[in-house]
Amino acid sequence: MPEGFQLSRTRIVKTFSGDLAGTSVTQAIMSVTQGGSAGYVAIELIVGSLHGRRGSFLLQHSAMANRGAQSGSWTVVPDSGPAELAGLSGQGEVTIDAEGGHTFTLDYDLPGEI
């Protein structure tokens, strides 16, 4: 590996509450440059219920920190929600509060939901 770069792979386990209730396991590849910028890509398997409909689905993550300015996207992988979550689509967003707590918001479409 060239000097000045860090690459790592990590497994992250999360718990969700609210309209999305359940747990997830994420496999992520992360990188950091000597200038302090960073990026990561990941796949997250979420198992639980979404607005009362049970099942599982995948989220694809892509995020970047460019000298402190952060950006990212969290997208539902098409056709990854079987049974009650069939046809699920959407995008997610993570916000970080002043104490470092994270809130995940999923803007989604679920066929058959009013």
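Tutor: Start with strand β3 (residues 38–50) and strand β4 (residues 53–66), which pair in the antiparallel sense over 13 bridges. Strands are DSSP runs of E with at least two residues, numbered from the N terminus, and two strands pair if DSSP finds at least two bridges between them. This is a predicted model, where local features need pLDDT of at least 70, side-chain atom pairs count only at pLDDT 80 or more, and totals for chains, interfaces and linings use all residues. Residues are numbered from 1 along each chain as its sequence is written, and side-chain values use heavy atoms, with hydrogens and water left out.

Student: Which residue in β4 does G39 stand opposite?

Tutor: M64. On β5, M64 stands opposite S71.

Student: How many bridges between β4 and β5?

Tutor: 8, again antiparallel, with β5 covering residues 69–76.

Student: What about the turns?

Tutor: β3 and β4 form a hairpin with 2 residues between them, and H51 in that turn has a positive phi of about 50°. β4 and β5 also form a hairpin with 2 residues between them, where R67 has a positive phi of about 50°.

Student: Switching to the whole chain, how many helices and strands?

Tutor: 0 helices and 7 strands; a helix would be a DSSP run of H or I with at least four residues.

Student: How much is buried?

Tutor: Of the 114 residues, 27% are buried, meaning under 20% relative accessible area with a 1.4 Å probe, protein chains only.

Student: And what box do the C-alpha atoms fill?

Tutor: Roughly 50 × 30 × 20 Å, along the principal axes.

Methods
Buried means under 20% relative accessible area, exposed over 50%, partly exposed in between (1.4 Å probe, protein chains only).
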